[in-house]
Structure formats: structure tokens, C-alpha cells
There are 2 protein chains.
Amino acid sequence: MTQVDTNDGRSSGNPDAVREALAEFAGIVGANHVRGSDDALSRSSTPYPKRIGGVVYPGTPEEVAEVVRAAGRRGVSLWPCSRGRNWGYGSATPASDDSIVLHLERLDKILEVNEKLAYAVMEPGVTYRQLSEYLAKHHPNLWMDCTDGTPGGSVVGNALDRGLGTTHYADHFGTLCGLEVVLASGDVVRTGGGPPDCKTWNTHKWGVGPYVEGLFSQSGLGVVVKAGIWLIPKPESFVSFTFDLANEQDLPRLVEIIRELQLRQIVTSAVHLINDVVSLAVVAQYPAELVGRTSRLPESVLDEMRARYGVARWSFGGGLMGSSSSVRFARAELRRTLRGLGRLTFLDEFALRGVELLLKWRRRPWLASLIDGGVKAVFGKSPEMLHAAPEVHGVLRGIPSDYFVRHAYFKARIPKPESAHPDRDNIGLTWFAPIAPMTAEHVMEVLEICRPRFERFGFDFYVALLVQNPRSMIVLTCILFEKEDAEETSRAQALYDELGSATTAAGYQQYRTATAGMHKLANSAPQFVSLVRSIRESLDPGHVIAPGKYGA
Amino acid sequence: MTQVDTNDGRSSGNPDAVREALAEFAGIVGANHVRGSDDALSRSSTPYPKRIGGVVYPGTPEEVAEVVRAAGRRGVSLWPCSRGRNWGYGSATPASDDSIVLHLERLDKILEVNEKLAYAVMEPGVTYRQLSEYLAKHHPNLWMDCTDGTPGGSVVGNALDRGLGTTHYADHFGTLCGLEVVLASGDVVRTGGGPPDCKTWNTHKWGVGPYVEGLFSQSGLGVVVKAGIWLIPKPESFVSFTFDLANEQDLPRLVEIIRELQLRQIVTSAVHLINDVVSLAVVAQYPAELVGRTSRLPESVLDEMRARYGVARWSFGGGLMGSSSSVRFARAELRRTLRGLGRLTFLDEFALRGVELLLKWRRRPWLASLIDGGVKAVFGKSPEMLHAAPEVHGVLRGIPSDYFVRHAYFKARIPKPESAHPDRDNIGLTWFAPIAPMTAEHVMEVLEICRPRFERFGFDFYVALLVQNPRSMIVLTCILFEKEDAEETSRAQALYDELGSATTAAGYQQYRTATAGMHKLANSAPQFVSLVRSIRESLDPGHVIAPGKYGA
């Protein structure tokens, strides 16, 4: 098997070749769709500065193929991105200097929606917001899944990165079916092995012959220009729930309970179990006097904030969808299983209207304090938490919202904006996302690897436990740091590296990595990366598409 | 991209090289684990005679790697098979003459069973019967899925061929997680991209970096020597059901109903909707006077047999697993949805004991006619159908049984044996299995392509509609023919070819093909096959492993 060095730290092309390639690209896509090195794009919330050679914005799949062919001829590398919103994982930043970003935001067509079979075919530039609004308008009987990330993110891009949503369709790569891919040769191939206009392209995931779609997820083996995504038939009934764990020492038991609820198909939505810092990061902000002065809240401040906002040390939410009777059954099972462990709250459409009414009345000053007092007395929650309820309910049924991205501004010097955009606002955040078998033992082991290191490096321990499937839980941590503070940034980078080494040494892999950490895969899984590099050599010997992506 | 001819019709190696390779293999695996051309193995129920160069039976994954390396050095090709029970799809027959069958039946270790996380890791020689008995003895709290094929088939082999079972874990490739693969180079790689002893190897299907497991399904890109398979936590309650459709014209409506039941997660098991010929092939046999005289029963005989056995033109069965209340809810939904369309019968453990008691009493001659009369009067079923009930119930909860393979002997000159083995008994059968989007329109279109061709070529129309996923239905047809009759065999082959051309022309792909039909993929999906061949060239430039498999 051929061994190829990663391009990490190397340049992807000489400046002349890049300049000439951009000129040729302008001839293909139009001069107004090509840009030189782009400051906004090379700005990423992860501490991983790379020089971007330029940006090209093709408008059609055919233009993508032409650009790829031209790049191959000229020996320059392309770094495809769908919308560039991969915040905290590297955004649009390439793995090697001087790559040209192949930006697909202009490929924003929803090509087909099949109501009976509940799927949509779209281009990679289609955003969550766009799909959500399109379905609401034209196909109200179809629901979708979304992440709690930005509504401006790409549906296809997130699925190819194997992102996670909130419903029983949360495994976004799992609901991807049927890709059209531009290979490094410029050839276009449809996955699935079907005949022309294959009827099951978007309904039969595995196709016939080897299943190859996986090759184009978390990889640079091709540029996906069309993809099928499975949608959810609107359920008869939908109820969301939240649960506040009373005692932290019950966390291991809770992990076991969640696994059983999932394995036994009682709760099939992707439960998100979050710690206090996650909740507070969304609804609150650092006390003004601490902003810029610390990168980790003192325990006493955290205690005080938990009490003020009514935030539990651990809480989780999820959605129940189905017929009225199946939802009723699942509610009863949840109540039975979680009895005595904490506070379980259900929110159905009726209760939601109640909350919305309270929030409306609250706008009148003379009612606000009365309502706030009542909510605090009955639910133990602050007004901010009341505001969060409809947002949580919405995202759990697949309505994207800007609301949760506000977490990025927890330590920021600016208040949380309406439309959160950490790259624009120069916010520092890096996800570190190992995955563990969903047993108390494994999940606690990963937590106990990460928690003391966050403490030692002086960062708030932000962690969400996400059900990836009934057997696996993502331990999603986030390092929030001040990018303008060089010391803090380098400390964040050191923590990130240390977390990677420590979890890897203990036998845990990441479910997805930031671009900055991809090259390490070659060390931890040499045979695997060698296999992928062999495939890369056959499909893309010139390293045209995304060199260095996931180590290949 | 390199273009490579299929090896179809070609020879895989010269006789001297094959002989010398077998001698070297004997040094690796022991002389008693190597055989020359094997008559039993080259006998296949499909009309596809190929010369087998020999058979090698390695005993460990390390021996597999050594054999593969030796084959590469000597320029001979290997055709891996797990148990050789791929009946009706080509059994162990290679795609090209003189390949050496790499038989993995001695790799029969169950390496790990994880009760909490509900998975097992095993070698490819482990059979359904072996796993079923092992779980019953050591892990009674874990159930498995199986096909209605032979209990002697390989669990891993079936999953790699993307076979279909009967429960909500029916998508066998979908429940495969974590492979160890010997590549053509002899290198061994674990999928998933994890560090050594990765904790999520068998719980996180996609791993990190490109998902490559799909490359080793329906392909010859490597030899899988270990695999993880997800198991089912024993449910609190299990009920099986069967449904007889009253009027054939309601079939399209039934397809729509089944899709909705699946999409809405009311019935999540893989429903098998079968026609009269399928039912009769299992419980009955051709009238003696017609055996050897016709390859298609006259309509009047079929009418008479349906009446005698109490077989509907269309019927389906499925299982409901879960808590008592979720099963009760699903029963009610099924009753509501199917009301007025036919007869719905549930079989729980209590009713099952009743049936078993009836079958026991029936052994006394003076009771038999009384019971038979009662069963016919109440259920409209013959004693043979009563016998089938516990078998159906068992297979729907994942207990493998020889019972259903008896269908192969429908037209045979010998009575149905206890232990069915169509290859041994020289039975002719070929599966032809296109897949359609699960709408009435698509499924009926495929049926109307196939049905008249079976009639025109003079074969009984054997068809089962299998839910592959909530959006796709396999239209599984079977051509039953007499292998000793050359004219009938060549007519069966002609029908097989014609079905392939006609469905492909209409835009339908197959979910899995017989070895005899694999080379056609290169014509119907040239870009796709070209992609796979590029990958093959990088991993296996010497065409060591399974040349010609699925066109690559």
C-alpha cells in the first residue's frame, strides 16, 4: 500500500499556480464568483490559522466538475465546504495552506420532495432554515431533523460530517440515501449501483454491489453535489420532555437507563444529556466582572448561577413522536423509569401555548415579577429558562433555531446576538468529541479523563452526552476561549491536544474531529489510514480534493 | 480511471499455478484442509457451472492472511465463502473458472458476547444455529435475527451479502458493526478508524474518517475474518401475526398500508408479504402426476391447492416485540388498519402452546380428523398450515429453522427432506430480487414486469414482497426448475436474463444478485462499476480476491 505523507503544515500549491487556477476558475464560474484569500473565511473559531489560497463559488454541479478538472490540471488543491458553518470543528479552514476553498453555497436547490416516501433530494448549499421553510410551505406533512447548531448550516454537509440531530432521525449520515459525487478526475458518479434514473436511488441506502456512500463522509474522496435525505412523516402527536437530575451521583444510573430506553425503543429520539455549564452557556453569560479575567468560573459562582437560573447539574431533553397512544405509552414508561431521580416535565402543544402566553404577559412590567415568581416557585426556573422552553420544544421536533448557538458567547465581551455567528464575532470555541459505548462505566471513564484536564488547564467543563445510537454516546465537550488572548488560546490548544492523546490512549475514538486534529488519525489508526490513502491514491493521485482530511 | 474487463467466462489461473498454490496452501493450513476440484461445492442450485480449482480451509485469521499472500505471489484467485450456503444466488461457485474457494467454515468462533450492549463478535464460519444455541444457553436475555433460510448459513456471510431477516434487526448489513478484514496484500485492517482495542469498534457503526465497512459487503475487496453483530435485548413481550388478504385487488392498498405502518414505526419488523405459490411451496408439493411434466401449475390446480390448504393469494406475517403495552398498542393499530381487508391472526406464547397441543393430539389417529375439521372450520387452514404456525412464530423472533427451505422441493421428484439442502439434492432454484420504492405504483410495476414473463417462460410465479426498509420493498422472485432437464434449465436461465433486462430497463436495481448475473452490473451502472474497479485496482491489483464479484 502506498504511504503518503499528510499535508499537515505543508502548502497545497505555489502562489503562481493558485493565481492562475483562480483565473481559470473565473472563466468557468464567472469572475464575480471567485475571490482571492478571504479574511472572513479563514477566520475560524478553532485556533488553527491557515492561509486560504482563494475561494471559488460554482453555481452548478457541472461547474463543480469543471473546476475540479481544472484544479487537477494545474496541480492546486481544493477544500470543499458546503456553507462554511462547521463552527468549532474548523469552519471552512483547509487542512493545508493555500488550498482554494470550493464553496458550494450557490448550489442551493431543493430538487425533489417525495411526500409518500418521505425524502428530499437537494444540493449541498441548502440550509436547515431553507429546507424547514420549504417543507412548512409546500409539504406540511413532512418534518425534518436538524441539529441545535445554526439554521444557516448545510443539511447535506452536516450529514456528510456525520452530525447529530435531535429526533429519531438524528443520525444524519444514517438518513442520507443516494449521492451524486464529482470525483477528482471530474467524473460524476451516482452511488447505489443502479441503472440510469434508478427508482430506488433515494430509498435503498445500500444499493447493489459494495456500499460506497460512506467513502464520501468525513473524507475528501469526492465532492458531493446532490444527496437524498430521509424525512419524517408528520406524526399524529408530539411531546417534548426535559428532566433535571436531582443528585449528581445518579448520573451513572441515568446513562444505564437511557441506554435501556433506547435499546428497547421506548425513546428513539437522540437524547441530549447536558451538564450545568451547557445550560448556563445558552441562557446566561459570565458575570461582567469575570469576563476577560478567568477562563473557568469558580465553583462558588457556578453554584450561585445554577441556583439563580434553576439549572440542574445534569439535565436532559428529548422528543416523543408517534400516534397519540404510542406517545402516551412512552410518557408513562419515562415516568416509571425516572421516578425518584429528579424532575420530569412534559411539554405538549397545549402546554407550549401556555408558556408562550406567559412569555407574552411577561412583557408587561407589572405582570413580569408575578409570573417570574410563580415560575420559580412551581418549576424552580428563571425567566431565561422559561424562554428556552419553546426553543427546546421546537428543535426537538426539527425546527432549526439560532437560539442554542448563543452558548458560544458565554464568556464573550459582547452580549449574545440575535443571530449568533462565532466566526464573525471572533469567538473561540473548539469541540472535542470522543465517543464511548453507552454504559455507565465507559461514559464515566471518558468524563473522568476529560473533567480534571479541563480543570487543570483552567477551562469551564462544558459537556453534553449525546445518544449517537442505542449503544454509543458522544461525550461532546467544548473548549470556550478568548481568541484575542494569546495565552488562553494556546492553553486551549494544549488542552485539546491533551484530551486527544489521553482518550486515544484509553481506547476511545472521536466521532468527528476538528480539522486541526485530523492528522493525528494516521498515528492512532495507521492500518486504517493506510487503507484510506490507498483508495485516495486510486481516485485522486494528484491530491486535488481536500488533502489531509481525516489524515488521508 | 483504469478499466478492467470482468473475469466472466475467463479462467482465473493456469492449472499448474493452481496445483502449486494448493500445495503451498497445504503447508499453511495442513494437507487435510486442502482439496482439489470439489464436486459437491461446484454443484449449485443456479444454472451456472464453473470449474473450481480447489478448496482451502484455513483455521485462523492468520492462516487466511497467509493464504491470501501466497495466492497473490502465485497469481491465482481466491473465492471466499463463509459456509457456502448462498443457495439460489450461486452457493460457493466463483465468478470465474479455476478460482480456489477460500472456505471459512473452520473460522467458527464466537469471540465475545456483550450482554449490556447487546452485540456479539464472531468469525464468518459461525452459523445461525450455532449462535442461536449459544445465546439460548449462555445469554438467554439476548435474541438475534435470522433469515428464513438454512440454519447452517453464516451469520456474517449473510450480513455481508446484505441478506434480510425477520425482526426489526432484519437489515443484516445495517446491524453489522466492526469488521476485521484481510486485504489482498495480506495486511489486516480493522474498520472504524479507532485506536488499538478501540472501545466503540462494535458499538459505533460509522467510526471516524470515511466509513469503509460498506466496501466489504457484496464485494471482493477483502476477506472479512471477524465481525460484530448487534443483538436484540429480550423483549418483555412478543407476538407474531399473520394476515390473509381477502381480495387480490386490495394488494396495492396493502403495500401502501405496510409502508405507513413502517414509516410510522408501528410495525418495525421486516414484514414478508408472500403470494400463494410461496405458501404452497413450503407446505405442499406438486401433485405427483405433474412432477416432471410441467414447470408451471395450471390455474385450476393452483385454485384447488389454495382451497385444500387454506392458502390465500396473498398473505403476510410479522412480529411485534417490546413491552406488553407497546405490543398491545401495535396489535390494536394493526387491527384498526387492516379491518375489512382480510383475516388477521395473532399468535402469542399462550396460543402457541395451544397449537402445539393440537399438533400433539393430532398424532392420535382418532383425534386427527376431528382436529383437522375444526381447524379448517375455524381458521380455514389445512393441517400442514397448522404445522407451519409454530415455525413462522419462531423464525419471526429469530429462531432459525430448516422448515422454510423446504420450498425448494416444491417440484422435486423426492419428498421434502427433514434437512433441506438444495445443492446436495440437485434442486434447481435461482432468486431474482429487484427492489422497488415501497409505493403501490412501483411495486405493482415490478410485479407486472415479472409476472407475465414467468407465465410466458412457463414457470410458477413465486414472489415474496419483503420490507428492506420503510421506503423500499424487495420483490423476491424465485425460479424453480428441474436441473436434470436441460431444456427447462436453459429456459430458467433465459427467464432470469429477461427479468434482469426488463427490470433494469424500467429503472429498477436488484438488491443482491446471483453470481451468474453479477457481470451485468458493469453495463447497467458503468460509472459506479468503474469507481469500484479503481478501488479494486488500488487494493488488489493482482485480482486475488473474488475477481468478477459484482462486476469488479
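Predicted model: local features only at pLDDT ≥ 70, side-chain atom pairs only at ≥ 80, totals over all residues.
Start with chain A. Its domain assignment gives domain 1 (15-106 + 536-551), domain 2 (110-233) and domain 3 (235-513). Note that domain 1 is written as two segments, 15-106 and 536-551. Now look at domains 1 and 3 of chain A. Taken over C-alpha atoms, their centres are 35 Å apart. The two domains do touch: 9 residues of domain 1 of chain A are in contact with 13 residues of domain 3 of chain A. On the domain 1 side, the touching residues are 3 nonpolar, 5 polar and 1 charged.

Next, bring in chain B. Two copies of a chain are related by a rotation about an axis and a shift along it.

Finally, turn to helix 9, residues 324-338, in each chain. Two packed helices are described by the angle between their axes and the distance between the axes. The axes of helix 9 of chain A and helix 9 of chain B come within 10 Å and cross at roughly 175°. Angles over 145 degrees count as roughly antiparallel, and the two helices are therefore roughly antiparallel to each other. Chain A contributes A:Ser325, A:Ser326 and A:Phe329 to this contact, and chain B contributes B:Ser325, B:Ser326 and B:Phe329. By class, the contact has 2 nonpolar, 4 polar and no charged residues.

Note on methods:
Residues numbered from 1 in each chain as written. Chains lettered and ligands numbered in written order. Axes fitted to C-alpha atoms, helices over the stretch in contact; angles between N-to-C directions. Helix = DSSP H or I, 4+ residues; strand = E, 2+ residues; numbered from the N terminus. Parallel < 35°, antiparallel > 145°, perpendicular 65-115°, else oblique. Contact = placed C-beta atoms within 7 Å. Nonpolar A, V, L, I, M, F, W, Y, C, P; charged D, E, K, R; others polar. Domains from an automatic or database assignment.
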